[in-house]
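The sequence and the structure are shown first, and the description follows.

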Amino acid sequence: MRKSVICAALLLLFPVLSTACSDSDWKTHPILCETLERLEENEAQVVNELHELARASGWIVEFPETELTSTLRRQRRGLQQSSSQLPVVVAHGMGDSCFNQGISSITQQIGSWLNVYSVCIPTGATQTEDTKNGYFLSMDANVDIFANAIFNNPQLSRGFHAIGFSQGNNVIRGYITKYNTPYVHTFLSINGVNAGISALPHCTANSKWCAMLNELASERAYTAFAQEHSFQANYWRDPFKYDEYLKFSQLAVYNNEVSPMNATFNANWSKTQQFVWIKADDDTM
């Protein structure tokens with residue numbers, strides 16, 4: 001699918017993000033409300049700051065040319081794709097974007113290595129929207145945008161393999177849970193937060209962004225407002241507040257931890273044939 005067509009479709013599908021905070025929201029989520037207000041005033045600057053935070057924290061996929069990639073490219077050159085091979089869909093992590101060079105390059109290389117069609121599916125029509133939605137749009141809304149892009153891509157109609165990086169695995173898991181038609185044959189999760197997170201070990205510095213994340217990484221993650229306006233709050237899993245987690249968390253819904261159990265979710269997961277979940281050697285989360 002041409003990039004212009006994808007962007008046009010995403011513009012039509014992208015929901016309007018209401019950032020208005022009530023007085024009670026300001027009392028409960030002062031830093032988040034201040035950030036949402038800044039987004040309305042200067043979206044590009046806020047998103048650029050968040051992107052740079054992600055880059056400095058090592059959350060951005062960097063994919064420089066290496067001897068290995070050059071060798072694999074030479075080996076694959078001239079080979080024809082088999083009609084039986086499934087394409088590959090990539091989902092990026094927090095602070096990253098399908099429009100960034102690193103994730104775009106690794107997506108292209110995956111296609112080259114496997115000799116198949118490969119595509120990174122953004123959840124925003126531009127680099128700014130795609131990055132912003134990874135912070136301030138709910139996981140469920142991101143999943144729906146991701147799903148609609150898949151539905152509208154004829155090259156994915158027979159099914160596909162999915163590769164997620166970090167937070168992008170929650171998008172893939174949400175797609176499998178809610179839809180999985182076209183189905184995900186193999187789900188490859190790299191540094192996935194599949195069970196949620198319950199600590200922020202590398203975000204203790206005196207910065208406004210760590211302050212915002214730490215504000216959410218508390219009982220304030222379990223409010224309707226936080227769940228609507230923060231992707232990260234959707235998979236915050238506080239072991240000491242399990243009842244609140246079950247009541248508010250989108251991850252709890254996707255995991256079928258909430259009664260009554262959703263039989264459709266289980267049926268959708270049964271369509272996927274293989275799960276490969278990988279933790280990186282240097283991952284200290």
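Within the protein chain, residues 24 or more positions apart account for 72% of the contacts with a separation of 6 or more, a contact being heavy atoms within 4.5 Å. The model is predicted, so local features need pLDDT of at least 70 and side-chain atom pairs count only at pLDDT 80 or more, while totals for chains, interfaces and linings use all residues. Residues are numbered from 1 along each chain as its sequence is written, and side-chain values use heavy atoms, with hydrogens and water left out.

The protein chain contains 14 helices and 5 strands; these are DSSP runs numbered from the N terminus, helices being H or I with at least four residues and strands E with at least two. Of the 285 residues in the protein chain, 49% are buried. Buried means under 20% relative accessible area, exposed over 50%, and partly exposed in between, with a 1.4 Å probe and protein chains only.

**An enclosed helix**

Helix H7 (residues 127–136) is largely enclosed by the rest of the structure, because 8 of its 10 residues are buried. The buried residues are Glu129, Asp130, Thr131, Lys132, Asn133, Gly134, Tyr135 and Phe136. They pack against H3, helix H4 (43–56), helix H8 (139–151), H10 and helix H11 (224–229).

**The pair H3 and H10**

The axes of helix H3 (residues 30–41) and helix H10 (residues 208–216) come within 8 Å and cross at roughly 125°. Axes are lines fitted to C-alpha atoms, for helices over the stretch in contact, and angles run from 0 to 180 degrees between N-to-C directions. H3 and H10 are therefore oblique to each other; angles under 35 degrees count as roughly parallel, over 145 as roughly antiparallel, 65 to 115 as roughly perpendicular and the rest as oblique. Pro30, Ile31, Leu32, Thr35 and Arg38 of H3 meet residues of H10 including Trp209, Met212 and Leu216.

**Helix H14 and its surroundings**

In helix H14 (residues 263–270), the buried residues are Phe265, Asn268 and Trp269. Seen down the axis of H14, these residues fall within an arc of 100°, so they line one face of the helix; the arc is that of the directions from the helix axis to the C-beta atoms. Ala263 and Ser270, on the other side of H14, are exposed. The buried residues of H14 pack against helix H9 (168–178), strand S4 (184–190), helix H13 (250–254) and strand S5 (274–278).

Serine 249 lies in the loop between helix H12 (242–248) and H13. With 1% relative accessibility, serine 249 counts as buried. Apart from its neighbours within four places in sequence, serine 249 is in contact with Gln227, Asn234, Trp236 and Glu244.

Most residues other than glycine have a negative phi, and most peptide bonds are trans.

| Feature | Value | Loop |
|---|---|---|
| Thr181 to Pro182, cis | omega near 0° | Pro182 between H9 and S4 |
| Ser259 to Pro260, cis | omega about 0° | Pro260 between H13 and H14 |
| Asn180, positive phi | phi about 55° | between H9 and S4 |

Asparagine 180 is buried, with a relative accessible area of 0%. Asparagine 256 also counts as buried, at 17% relative accessibility.
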